[in-house]
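Take a look at the model below.

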Amino acid sequence: MTASAHHHSTRSTKRQVIIETAERLFAEHGYDATSTARIATEAGVPSGLVFYHFATKLDLLLAVVQERPAPSEVLRSAARGRTVRGRLRAIVATMAAELENDRAVRIIVFREAQGRPEIASRASEMFADASATVADVLAGADDVIADRARVRTAAELVVSRVFLDTVALGQVEPATKRHAAMIDLIVETLTSPPG
């Protein structure tokens, strides 16, 4: 590794450490109660390095929230079953696991979206992306006969409910068991003729 490449690697590693530390502290204490000095101290970097990477504390918050993998990739790969039921069970289990693994960021988004339009916008994008992906996955099931509007509504219900239970309510019961009635209702709605 050249000296320049090593310097760039170290710089990006320190940037990542700052983001990870900020994520943990913002989730534990809230954005307003967390100073950049505390982030720097706990990240083991000089205070100036925080501002080298992020012009403002808000820029750091936005990096914590925005530099996440899109939920669509994970959801698409998880739901390979042929039936609505199989796909829903996979989606619910995968979403709950992903939300639990990324719990700190979800808590930050849930808490900070109230007063920060930038975070509210990102939350809206994440919801729309996840809902569109779930709708696409469900629409591709062999046994779905519902129109696109019903499939989209079902997808929004799934995303909303799993997010609420996992992040806001902190449910610990397995997701597919906790959401069995919702899965049954959606299966019936999407696989039965209307009327």
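Is Arg82 exposed or buried? Arg82 counts as exposed because its relative accessibility is 62%. Exposed means over 50% relative accessible area, buried under 20%, and partly exposed in between (1.4 Å probe, protein chains only).

This is a predicted model: local features need pLDDT of at least 70, side-chain atom pairs count only at pLDDT 80 or more, and totals for chains, interfaces and linings use all residues. Residues are numbered from 1 along each chain as its sequence is written, and side-chain values use heavy atoms, without hydrogens and water.

**Around Arg82**

Arg82 sits in the loop between α5 (71-78) and α6 (84-101). Helices are DSSP runs (H or I, at least four residues), numbered from the N terminus. Contact means heavy atoms within 4.5 Å. A polar contact pairs N or O atoms within 3.5 Å; within protein, one must be able to donate a hydrogen and the other to accept it, and residues adjacent in sequence count only if both atoms are side-chain atoms.

| Pair | Value |
|---|---|
| Arg82 and Ala141 | 5.3 Å, C-alpha to C-alpha |
| Arg82 and Asp142 | 2.7 Å, side-chain polar contact |

Beyond four places in sequence, Arg82 also has Arg87 and Asp143 among its contacts.

**The cores**

A nonpolar core is a set of buried Ala, Val, Leu, Ile, Met, Phe, Trp, Tyr and Cys residues joined through side-chain atoms within 4.5 Å. The largest has 29 residues; Val84, Leu138 and Leu190 are among those touching the most other members. Helices α6, α8 (117-139), α9 (148-168) and α11 (180-191) each give two or more residues. The largest share, eight residues, comes from α6. A second, separate core of 26 residues includes Ile19 and Val105.
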